[in-house]
Amino acid sequence: MFSQGVQDNSIRGMYIATSGIKVQSARMRVISENIANANTLAIKKGGLPYARKTITFQDKLNKALGVDLVRVRKINQNKDPSQFKKRYEPSNPVADKDGYVLAPNVSSLVEITDMQEAMRSYTANLNMVKNSKTMLNQLIGLLKT
């Protein structure tokens with residue numbers, strides 16, 4: 001009876017941690033895209049540059065396991081309230097009449113900080129999966145004896 005409870009809790013913990021790994025991986029992809037496009041200007045006069053993407057999550061009950069798992073709710077573009085930056089580049093073909101071009105609203109410092117946080121969460125969830133696996137293996141070893 002006790003071993004069944006430990007087994008169930010370890011498996012539930014693995015599912016929860018795995019869902020955390022998946023969303024943090026998606027978060028890192030969004031952050032990487034933002035960093036990669038931090039200097040992407042508009043391609044036509046009057047157009048907009050790359051807009052920073054954000055990601056939102058939601059808890060979703062897994063009825064079979066009886067646990068809340070985290071999922072990607074939405075990857076949002078144009079939801080970041082920060083304004084586009086202006087750069088003075090009068091020779092740029094997409095510059096306005098005053099010589100300014102709009103630049104993305106991506107701050108590399110913010111993105112790198114977010115990526116570090118995502119990596120820490122990813123690593124913590126990965127360690128949870130590893131620890132649960134170790135506990136299950138130890139339980140199996142005890143039950144064999």
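This is a predicted model: local features need pLDDT of at least 70, side-chain atom pairs count only at pLDDT 80 or more; totals for chains, interfaces and linings use all residues.

Reader: How many residues does helix α2 have, and what span does it reach?

Author: Helices (H or I, at least four residues) and strands (E, at least two) are DSSP runs, numbered from the N terminus. The expected span of a helix is 1.5 Å times one less than its number of residues. Helix α2 covers residues 108-144, 37 residues in all. From its first C-alpha to its last it reaches 53 Å, close to the 54 Å expected.

Reader: Which residues of α2 are buried?

Author: Buried means under 20% relative accessible area, exposed over 50%, and partly exposed in between (1.4 Å probe, protein chains only). In α2 the buried residues are E111, D114, A118, N125, V129, S132, L136 and L139. Here is a general point. An α-helix has 3.6 residues a turn, so residues three or four places apart point the same way.

Reader: How many salt bridges does the structure hold?

Author: Side chains of opposite charge can pair when their charged atoms come close. The cut-off: a side-chain nitrogen of Lys or Arg within 4 Å of a carboxyl oxygen of Asp or Glu. This structure holds six salt bridges. One of them joins R27 and E117, with the closest N and O atoms 3.5 Å apart. That pair links distant parts of the chain: R27 lies in helix α1 (residues 2-36) and E117 in helix α2, 90 residues apart.

Reader: Which side chain meets D114 in a salt bridge?

Author: R52 does, at 3.3 Å from N to O. This pair, too, links distant parts of the chain, 62 residues apart. R52 is buried, with a relative accessible area of 11%. Now take R87 and E89, whose side chains meet at 3.1 Å, N to O. Elsewhere, salt bridges that share partners join R52, E111 and D114 into one network.

Reader: What does L69 touch?

Author: Contact means heavy atoms within 4.5 Å. Not counting residues up to four places away in sequence, L69 touches Y15, I16, S19, Q58, D59, K60 and N62. L69 is found in strand β2. At 4% relative accessibility, L69 counts as buried. The C-alpha atoms of L69 and Q58 are 8.3 Å apart.

Reader: What about N76?

Author: N76 also has its place in strand β2. N76 is buried, at 9%. Leaving aside neighbours within four places, N76 is in contact with R52, K53, T54 and T56.

Reader: Which residues make up the largest nonpolar core?

Author: A nonpolar core is a set of buried Ala, Val, Leu, Ile, Met, Phe, Trp, Tyr and Cys residues joined through side-chain atoms within 4.5 Å. The largest has five residues: L41, V94, A95, V101 and A103. Beyond four places in sequence, A95 contacts K45, E89, P90, Y100 and V101.

Definitions and conventions
Residues are numbered from 1 along each chain as its sequence is written. Side-chain values use heavy atoms; hydrogens and water are left out.
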